[in-house]
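My plan was to look up one thing at a time and write down what came back.

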Amino acid sequence: MSSRPGTLWVALCLSLALSLSLSFAAAPSSRSPGADPFAASAASAPGAATIVVDRGSASFSPGTVALAGGGTLTLVNFDILDHTVTSVATDAEGTPLFDVRVAAGTSATITGVEELGEGSYAFFCKLHPQMRGTLVVQGGDGTATPQLPSFDQPLVVPDRVRGAEVTLQMREARVRMLPTGPRTRMWTYGGSYPGPTIVRPAGEKTRVRFVHRLPPRAGAMTVHLHGDHHAPEHDGQPTTELVRPGQSRTYDYPLTFGGLPAPSSFFFYHDHRMDRTARNNWRGLQGMFLVEDAAESRLRLPAGRRDVPLMISDRSFRRDNSLTNPFANGVRMVGHHGEMAWAGPKAPPDDATVGTHVLVNGRYAPYLRVSATRYRLRLLNASHFSAYSIGLSDGRPLVQIGTGNGLLPRPVVRDRVLLGPAQRADVIVDLHGAAGQDLVLDSVPAAPGQSGDDARPAALMQLRVGAEAPDRSLLPARLPSPELVRAPTGVSKTWTFGLDGHGHRDHEDRATFWSVNHRAFDPERVDHRARLGTVERWRLRNSSDMTHYIHIHGEQWRTVLRDGKRPPPWERGLEDTWRLEPGEVVEVAARFEDYTGPFMIHCHMLDHEDHGMMARFDVVR
């Protein structure tokens, strides 16, 4: 940890925030004598303890468990779902102090617990993050204790490419991700992770040529510009219009809607290959894309080096810093297209890809030197599964001015911004008065039972605040937000997202799939037809027991209702991805403009998309 003034205060703030929000104690109990509510003599703590997950339960029992130092902790999992017991606290390298996956209907010893020093340790399930508990270690001579990241490497801001004709090679490259040890071999756009950030004026046609220089074993690829409005042949179709090894494909992005320039936007581009999307994104095929419009340029928003795009993702690493392969020996496909289902130890609903290390712009726990001025942070959650509730460790607000698809009608002052996979937020942070401090951009889940209680706890990056500096930027009271379409009163289509399968739920021959309207994805099946030039209102409904993030391709969508009520202020602009908690219903509307042909609607938890939760709709004349 840096020794600059304010660092200890930031560490205490972060630990306190985690403690209050998660009932975590982020330091050994010896640091606060007499304060441990579970205090007991070391002799009274058992040498072995058990926690249980009952069938259909979303909790650990007991929620707090005491254990003598050096003792054994076991999880008995009676549930039909896999669960993990994962320490929130990490070691100096960012690895959880314990992290064990326990398959449904089995039990396992939680290795790593025997090495813990005296203190309280929060744990959670990576696959179902709202499940939390606390382990109280009493006595013993263990030496493993929680440590905040030391923020040893600078944040990398990807190169910006501004030309109308862009060529990016998909190729292998070694990328610095962890602060020490070898670089990590990745599949990249242009040799970096994330790929270069493409920056283009609204309404200016842009052509991006992707050249496939990855090894033949990588197979065919496809590229989706997430959030943009373009023809279906340039949309990154999951099974057609593919880029094969040694070949290239040029994608046309007019950056217009209805013949007019698109609004200021924060898109991102990524691989979208059916049944390989999770693997290819994990390997590194992700990058950012900014659209700038004239109306925004007249605002006095932070610009230049004070406009920072931040892509948040997570990955796991082997001892040699190479990526793990979470897709090896995982699932096997049963059936074909619309009859597809998956079987195996990581078949739905146990198919969540979650990394041990949370990265910002491809680096673990980076720092950014900033002045004590206002900054514009463009936040993108590019993780496969994890959600983040993002804020600053000293509690200063984030002023949200936009989504990934355009500016909001008015700024929204928020303590924290909850982002699931593929969601983006455009925020301004005011660092005046913080000179000399080290602030942490972190993720702290909401209290149990509240929306966002499933966010992943993490210290994301550090802002090392320097001196005050001239600052001409302002916080706008009104914003030039895109005009929203008037929604019809009737619903044209209901999309229900759930879990289905073949065979008996408790038998080994059970094959499951994430479903849309009880069917798995079939690229040849058209599930809905919308007429060009019309406006439709769609209903999105989650019938499963898991939160999903639903992404719709192609048009400019607005949120009409969330659970029958007006959406919150941060959902009153244009959107393309919505959080749907179990049982939630969201209604959205759009005008089908410019292009006919096939488009997709799917969950953006990438394993869910790969395993059936995608459907096709066609725009027709």
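Entry 1: I began with Cys-603. Is Cys-603 buried or exposed? Its relative accessibility is 0%, so I noted Cys-603 as buried. I then looked for a bonding partner. A disulfide needs the two sulfur atoms within 2.5 Å. My disulfide count is zero.

**Entry 2: the whole chain.** I reminded myself that this is a predicted model. Next I asked what the chain is built from. I found four helices and 45 strands in the protein chain. The radius of gyration is 24 Å, close to the 25 Å that the globule rule gives for 621 residues, so the chain is as compact as a globular protein of that length. I also looked up the span of the C-alpha trace. Along the principal axes it comes to about 75 × 65 × 50 Å.

How much of the chain is buried? I read off 59% of the 621 residues. The accessible surface is about 23300 Å². Carbon and sulfur atoms hold 49% of that surface. Then I looked at contacts with a separation of 6 or more. Residues 24 or more positions apart make up 75% of them.

**Entry 3: aromatic rings.** I searched the whole structure for aromatic pairs and got 16. One of them joins Tyr-251 and Tyr-253. Their ring centres are 6.4 Å apart, with 20° between the planes. That pair is stacked, because the planes are under 30 degrees apart. Tyr-251 is buried, at 1% relative accessible area. Tyr-253 is buried too, with a relative accessible area of 1%.

I picked a second pair, Trp-538 with Phe-617. How far apart are the centres of these two rings? I found 5.0 Å centre to centre and 85° between the planes. I wrote this pair down as edge-to-face, because its angle is over 60 degrees. The pair links distant parts of the chain. Trp-538 sits in strand E38 (residues 535–542), and Phe-617 sits in strand E45 (residues 614–620). The two residues are 79 residues apart. Both are buried.

**Entry 4: charges over rings.** Which ring does the charged end of Arg-414 sit over? I found the ring of Trp-570, with the charged end 3.8 Å from its centre. I looked up Arg-464 next. Its charged end sits over the ring of Tyr-367, 3.7 Å from the ring centre.

**Entry 5: a buried aspartate.** I went to Asp-228, in the loop between E15 and E16. Its relative accessible area is 3%, so Asp-228 is buried. I set aside its neighbours within four places in sequence and listed its contacts. Asp-228 touches Tyr-253, Leu-255, Phe-267 and Gly-554. Asp-228 and Gly-404 are 176 residues apart in sequence, yet 9.9 Å apart in space, C-alpha to C-alpha.

**Entry 6: backbone details.** I looked for cis peptide bonds. One joins Tyr-193 and Pro-194, with omega about -5°. Pro-194 is in the loop between strand E12 (184–189) and strand E13 (195–201). Another cis bond runs from Pro-348 to Pro-349, with omega near 10°. I placed Pro-349 in the loop between strand E23 (341–343) and strand E24 (357–360).

Last, I looked for positive phi in residues other than glycine. Glu-241 has phi near 55°. Glu-241 lies in the loop between strand E15 (223–226) and strand E16 (248–253). At 36% relative accessibility, Glu-241 is partly exposed. Asn-517 has a positive phi of about 55°. I found Asn-517 in the loop between strand E36 (511–516) and strand E37 (528–531). Asn-517 is partly exposed, at 24% relative accessible area.

Methods: Residues numbered from 1 in each chain as written. Predicted model: local features only at pLDDT ≥ 70, side-chain atom pairs only at ≥ 80, totals over all residues. Heavy atoms only, no water. Phe/Tyr/Trp six-rings, centres within 6.5 Å; stacked < 30°, edge-to-face > 60°. Buried < 20%, exposed > 50% of the residue type's maximum accessible area, 1.4 Å probe, protein only. Lys NZ or Arg CZ within 6 Å of the ring centre and 35° of its normal. Rg over C-alpha atoms; globule rule 2.2 N^0.38 Å. Contact = heavy atoms within 4.5 Å. Areas by Shrake-Rupley, 256 points an atom, 1.4 Å probe, with all protein chains shown as cover.
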